[in-house]
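Please examine the sequence and the structure together.

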Amino acid sequence: MTEISRDHPVCTQEYAIYTPPIHEMCETITRWIEQRQTGGYIYGPSRFGKSKGIKSFLAKILNEKFDTEFPLMIWSHPTNSKSEREFWNLLLMASRFEFKNPIKPKAKMEAKFLFKQHLITLANRVKYNYIVILIDEAQLVLLNEWHWLLSLQNELDLEGYRLSIISVGSHQISFQPNFFARTGDAHIVTRFLMHHARFHGIRSLNELEYILEGYDEDSEWPENSGVSYTKYFLSNAFDDGFRLTSLAFLIWNELIEKYNLAFKSFKPKSDQIEIPMNQIANLIERILKDMGNKSFDHLESNLNSQYISNILVQQNLTSQIWTTSTD
């Protein structure tokens, strides 16, 4: 058996598989950009794949859609800023500004000016007057931070540039528009939170098959090798015709069984089912590592419903589904 490299993306979990929910999110953000919306937000439970989708696919999709290096900055919101000075310095560091110095943060006005100029440079580089800041973990953004972003948007507008703030976060962010509207800050809602869309989990057997095909065909390591993740780990069986997609029905049935266990008082309708993507990824990673380089016959005799069920129990899938359903 060929030794499995610890550097493989499946072993480090530094990879992303393109999923139907990621596609929907990117299509929604692209539509908002085409409409020149000043803001919008995507919301959904944690561990559904929002952040990985943004990190791995969004910039590439926008570059292809607009046939240029689209002026996009992605900021994963940390703990709340203690001051406006800290806020602008955090954004400056996230922008990869050449002369940033976290040891000696810049004064408030200087940091804001430099960050604004950085955004203008991004736009000018591709002859656009439109820039997008995408904030991940945006449920952590506080009211004063929204006001600071509003002032930046106004300043850029006066200089002929349009800024859109796209937010991605947990369900908590969907509570903000109503709260702001009731407390006299409806203008924040109309600028940044008027448009919204939900990020879903995996909802059907067809979606699961799409994901498994990503491991079978639409993945590669090492780079430029033409070796998919499934072929790398299950090379003998792969050469004999095995594909993870052949397990889709078996896996989906076990996922649905565990999903139903999370709701003792009622059985969810088929269109209400949503499986967290991280649980599916963890399951597939376990299969690939457990079955590394085994024969087709070995896989056929060992990859059964009990094996899948045991892994899902170990992953505590039922508890996570219940937790995310109330998120």
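Contact means that heavy atoms lie within 4.5 Å. This is a predicted model, in which local features need pLDDT of at least 70 and side-chain atom pairs count only at pLDDT 80 or more, while totals for chains, interfaces and linings use all residues. Residues are numbered from 1 along each chain as its sequence is written, and side-chain values use heavy atoms, with hydrogens and water left out.

Q: Which residues are in contact with His8, leaving aside its neighbours within four places in sequence?
A: His8 is placed in the segment before helix H1 (9-12). Helices (H or I, at least four residues) and strands (E, at least two) are DSSP runs, numbered from the N terminus. With those neighbours left aside, the residues in contact with His8 are Trp221, Tyr229, Tyr232 and Phe233.

Q: Is His8 buried or exposed?
A: Buried means under 20% relative accessible area, exposed over 50%, and partly exposed in between (1.4 Å probe, protein chains only). The relative accessible area of His8 is 0%, so His8 is buried.

Q: How does Tyr210 count in terms of relative accessibility?
A: Tyr210 belongs to helix H9 (residues 205-216). Leaving aside its neighbours within four places in sequence, Tyr210 has contacts with Tyr18, Thr19 and Pro20. Its relative accessibility is 42%, and therefore Tyr210 counts as partly exposed.

Q: What distance separates the C-alpha atoms of Tyr210 and Asp7?
A: Along the chain, Tyr210 and Asp7 are 203 residues apart.

Q: At what angle do helices H12 and H15 pack?
A: Axes are lines fitted to C-alpha atoms, for helices over the stretch in contact, and angles run from 0 to 180 degrees between N-to-C directions. The axes of H12 (residues 248-261) and H15 (residues 305-314) are 10 Å apart, and the two helices pack at an angle of about 45 degrees.

Q: Which word describes the orientation of H12 to H15?
A: Angles under 35 degrees count as roughly parallel, over 145 as roughly antiparallel, 65 to 115 as roughly perpendicular and the rest as oblique. The packing angle is about 45 degrees. H12 is therefore, relative to H15, oblique.

Q: Which residues of H15 meet H12?
A: From H12, the residues taking part are Leu250, Ile251, Glu254, Leu255 and Lys258. Their partners in H15 are Ser305, Ile308, Ser309, Leu312 and Val313.
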